[in-house]
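Here's a quick tour for anyone meeting this structure for the first time. Take a look at the sequence and the fold, then read on.

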Amino acid sequence: MTGNDAVLALMVATALGFDFTNGFHDTGNAMATSIATGALPPRVAVTVSAVLNLVGAFLSTAVAATIASGLVATEQVTLTVVCAGLTGSILWNLTTWYLGIPSSSSHALIGGVIGATAAAAGVSAVKWQDLVSKVVVPAALSPFVAGGVAVAGTALVYGLTRGVPERARGHGFRLGQIGSASMVSLAHGTNDAQKTMGVITLALIADGTLPAGSSAPTWVITSCALAIGLGSYMGGWRVIRALGKGLTEIEPTQGMASESATAAVILCSTDFGYPLSTTHVATGAIVGSGIGKRGAEVHWKIARRMVTAWLFTLPLSALIGAVAYWTAHGIGGTAGVVVVFTVLVLASIAFFVASRHPAVTPENVNAVWTGSVVPPAPTDKVSP
């Protein structure tokens, strides 16, 4: 194996690692409300999400094409650039997951790749016009579009079912949630799995393995589908809890309305080839379902915290990607990439260990929200 082959292998491993973090980071977008309302048990929910993410990954490649050739000048991209960009996106994903902030994995990936490319070839290598039209504008509009659809949908279903007994309504909408949450998981697979396919395809083009303009090979599609499916099954319980309990108290009616709005917006964006953030869409829809229900309370402080993280996602993941590139390039050759990869692995282990003290698990993910993503420790009952 040559040094270039070793770098390519590390790049593919890093890309699949990102897809894994994408899966467990974004499971909450599809399943948080179903878990919060009890429509699905936590473990069943993440299993359904994993299977449908895997299936969705095979349904379209439009977003992969946008990532592979639409954001940076591909002739300026090297394997070191791709490794550095993925490092930036994974570290940002792990940071926001640890803090329980449902930020955008898509924007972390795009930011990391752009930062590393700019560090390697200058800012002129970034296609700024496409970045604005295909990423920034959809990112700014999508939460409001999804929120508006969810407001209208929530108000409509509450109005139409006003005379239905509460128990029957709750049971019916829990069943409806299973269908709508499944659609979101399928839509997530069609959109997010492709982003990593695009990155690996970009690296194969940069390596000369594929000619410019090639689409993702079958082995790339299959491995990315499996990685995001496995990540979804692991469940990002911190983000699931923040979305399901932190923004507003969700009832089954709201859950079905928000999930339906999320699925509709994501599927439309996939058809147009926009690498939309499912996190932005799902969060906007959940807030919209809170606004659409008369008397419901929306925790705006939590929503503002999430929006603040969204604003920093692109620039900070780009900065980390740039630092990773400068580090790898400064050391030089295969050794530089190996050092960056080793730091990434050690940092991932550190985040995992820190998240276990205390841990958010399927058993406590639905505990009463007290302002923190980590539920309070159970207190021992004192016998009278």
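**Two helices side by side**

Helix α2 (residues 42–56) packs with helix α8 (residues 218–234) at an angle of about 170 degrees, and their axes are 7 Å apart. That makes α2 roughly antiparallel to α8. This is a predicted model, where local features need pLDDT of at least 70, side-chain atom pairs count only at pLDDT 80 or more, and totals for chains, interfaces and linings use all residues. Residues are numbered from 1 along each chain as its sequence is written, and side-chain values use heavy atoms, with hydrogens and water left out.

- The axes are lines fitted to C-alpha atoms, for helices over the stretch in contact, and angles run from 0 to 180 degrees between N-to-C directions.
- Angles under 35 degrees count as roughly parallel, over 145 as roughly antiparallel, 65 to 115 as roughly perpendicular, and the rest as oblique.
- On the α2 side, R43, V46, T47, S49, A50, N53 and L54 make contact (heavy atoms within 4.5 Å); their partners in α8 are A225, L226, I228, G229, S232, Y233 and M234.
- The residues of this contact split into eight nonpolar, five polar and one charged.

**What the UniProt record says**

- The unreviewed UniProt entry puts the annotation "transmembrane region" on residues 6–24, 44–73, 79–101, 108–128, 140–160, 309–328 and 334–354.
- UniProt positions are given in the numbering used here, feature names are shortened, and annotations may be inferred rather than shown by experiment.
- In the model, residues 6–24 are 100% helix and 0% strand, with the end C-alpha atoms 27 Å apart.
- Residues 108–128 are 71% helix and 0% strand, and there the end C-alpha atoms lie 16 Å apart.

**Nonpolar cores**

- A nonpolar core is a set of buried Ala, Val, Leu, Ile, Met, Phe, Trp, Tyr and Cys residues joined through side-chain atoms within 4.5 Å.
- Buried means under 20% relative accessible area, exposed means over 50%, and partly exposed is in between (1.4 Å probe, protein chains only).
- The largest core has 83 residues, and M11, L86, M197 and L247 touch the most other members.
- Helix α1 (residues 3–37) gives this core its largest share, twelve residues.
- Another core of nine residues lies apart from it, and its members include A146, A150, L276 and V281.
- L86 touches M11, T14, A15, F18, L109 and V199, leaving out residues up to four places away in sequence.

**A few residues up close**

- V12 lies in helix α1 and is buried, because its relative accessible area is 14%.
- Beyond its neighbours within four places in sequence, V12 is in contact with I200 and W219.
- V12 and M197 are 185 residues apart along the chain, with 10.0 Å between their C-alpha atoms.
- P143 sits in helix α6 (residues 128–160) and is buried, because its relative accessible area is 13%.
- P143 touches H280, G284 and W310, not counting residues up to four places away in sequence.
- V137 is found in helix α6 too, but V137 is partly exposed, because its relative accessible area is 38%.
- A187 belongs to helix α7 (residues 166–207) and is buried, because its relative accessible area is 0%.

**A cis peptide bond**

- Most peptide bonds are trans.
- The bond from H357 to P358 is cis, with omega near -5 degrees.
- P358 is in the segment after α13 (333–355).

Definitions and conventions: Helices (H or I, at least four residues) and strands (E, at least two) are DSSP runs, numbered from the N terminus. Ala, Val, Leu, Ile, Met, Phe, Trp, Tyr, Cys and Pro count as nonpolar, Asp, Glu, Lys and Arg as charged, and the others, Gly among them, as polar.
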